[in-house]
Amino acid sequence: MAEVLVYVDHVDGAVRKPTLELLTLARRIGEPVAVALGPGAEATAPALAEHGAVRVLTADAPEFADYLVVPKVDALQAAYEAVSSGGSLAAVLVPSSAEGKEIAARLAIRLGSGIITDAVDLEAGDEGPVATQSAFAAAFTTKSRVSKGTPVITVKPNSAPVEAAPAAGAVEALSVTFGDKATGTKVVSRTPRESTGRPELTEAAIVVSGGRGVNGAENFSVIEALADSLGAAVGASRAAVDAGWYPHSNQVGQTGKSVSPQLYIASGISGAIQHRAGMQTSKTIVAVNKDSEAPIFDLVDYGVVGDLFEVVPQLTDEIKARKG
């Protein structure tokens, strides 16, 4: 069976959820071979093996932490050459983050291969892996395959379930030779992101967002309370962010972040096309809006016409009561 390279997104050995989802997809088209780089790379092996990695290629060097992107591309290219020299390689899978897409694009150029970004599903095909994408603000669903070279595919978070599938997970050292451009852009400082205790927006299984109808920064506590009761991330529409009610890092939409959770709750959001572009691939969408003609209701699975300041607190109280 062909092997599938999976780029591992981790923090000091703690594997992030999108990588475990990639392993689920990789098993559909071949045998997953994980590539873990940087501090804590070897510590990722148990989690990767538990979720299907037959091998874990690891490398650590100062370049991975001290410089941007290119050292990781060098390493992924080295992994590609090591794996493809010993057998067939079905694809290279990378999480669809900002960094992940840059790594994938650079790698595809080096390999002379085609690239598919922001896939939401992956299946085996007669002529190679077939990726599903949402296009034009999710108005269309497309199925594509790469026709030249080894497919390089980035996959959006929450596109597949995390499934345990214990495998050998044999750890192997990856030899990496860095090119001249690896040290072109140096990281000179880092500022830790302030923790809210909530899930990362793009990775969360549930997202609760507020829009213009929240009517003020002080009222976002209603949105946050519902999110906390569900263990959800908090999002905001462009209107709410532009008004200064919530940080841009939480903006969902065409000029913010794209999310694809299992459940998306939109409160006081009209449903402008630029917002829909960032959340329309959510599995289940619920909207609360007092305007029965709001465009968001054309999109939702469940809609509540009502004042969010009456509906959302009642929903929060009901969830807390059921949790006991």
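This is a predicted model: local features need pLDDT of at least 70, side-chain atom pairs count only at pLDDT 80 or more; totals for chains, interfaces and linings use all residues.
Visitor: Which residue stands opposite Val234?

Guide: The residue opposite Val234 of β13 is Val208.

Visitor: And the faces of β13, covered or open?

Guide: Both faces of β13 (residues 233-236) are covered. Ala233 and Gly235 on one side, and Val234 and Ala236 on the other, are all buried. Buried means under 20% relative accessible area, exposed means over 50%, and partly exposed lies in between (1.4 Å probe, protein chains only).

Visitor: Stepping back, how many helices and strands does the protein have?

Guide: Its secondary structure comes to nine helices and 16 strands. Of its 324 residues, 50% are buried. The C-alpha trace spans about 60 × 45 × 40 Å along the principal axes.

Visitor: Now the open sheet: what is the order of its strands?

Guide: Nine strands form it, in the order β9-β8-β7-β10-β6-β1-β4-β5-β11, and the pairing is mixed. β9 (140-144) and β11 stand at the edges with a single partner strand each, so one side of each is left without a neighbour in the sheet. Neighbouring strands are turned by 35° against each other on average, direction ignored. Axes here are lines fitted to C-alpha atoms, for helices over the stretch in contact, and angles run from 0 to 180 degrees between N-to-C directions.

Visitor: In what sense do β7 and β10 pair?

Guide: β7 (residues 115-123) pairs with β10 in the parallel sense over three bridges. Ile116 has Ile153 of β10 as its bridge partner.

Visitor: Which strands does helix α4 touch?

Guide: Helix α4 (residues 70-85) packs on the sheet and touches β1 (3-7), β4 (31-37), β5 (55-59) and β6 (89-95), contact meaning heavy atoms within 4.5 Å. The direction of α4 makes about 165° with that of β1. Helix α5 (residues 98-111) also packs on the sheet, where it touches β1, β6, β7 and β10. Its direction makes about 170° with that of β10.

Visitor: How many aromatic pairs does the structure hold?

Guide: There are two. Rings of Phe, Tyr and Trp (its six-membered ring) pair if their centres lie within 6.5 Å; planes under 30 degrees apart count as stacked, over 60 as edge-to-face and the rest as tilted. The rings of Phe64 and Phe178 have centres 5.5 Å apart and planes at 70°, so this pair is edge-to-face. Phe64 lies in helix α3 (residues 62-66) and Phe178 in the loop between β11 and β12 (206-210), so the pair ties together parts 114 residues apart in sequence. Phe64 is buried at 6% relative accessibility, whereas Phe178 is partly exposed at 25%.

Visitor: And the rings of Phe220 and Tyr246, stacked or edge-to-face?

Guide: They are stacked, because their centres are 4.5 Å apart and their planes at 25°. Phe220 is in helix α6 (residues 220-230) and Tyr246 in the loop between α7 (238-242) and β14 (263-267), 26 residues apart. Both Phe220 and Tyr246 are buried.

Visitor: Turning to the backbone, what is the phi of Asp12?

Guide: Asp12 has a positive phi of about 50°, although it is not a glycine. Most residues other than glycine have a negative phi. Asp12 lies in the loop between β2 (10-11) and β3 (14-15) and counts as exposed, at 61% relative accessibility.

Visitor: What about the phi of Asn158?

Guide: Asn158 has a positive phi of about 65° and is not a glycine either. Its place is the loop between β10 (152-155) and β11 (170-173). At 3% relative accessibility, Asn158 counts as buried.

Note on methods: Residues are numbered from 1 along each chain as its sequence is written. Side-chain values use heavy atoms; hydrogens and water are left out. Helices (H or I, at least four residues) and strands (E, at least two) are DSSP runs, numbered from the N terminus. Two strands pair if DSSP finds at least two bridges between them.
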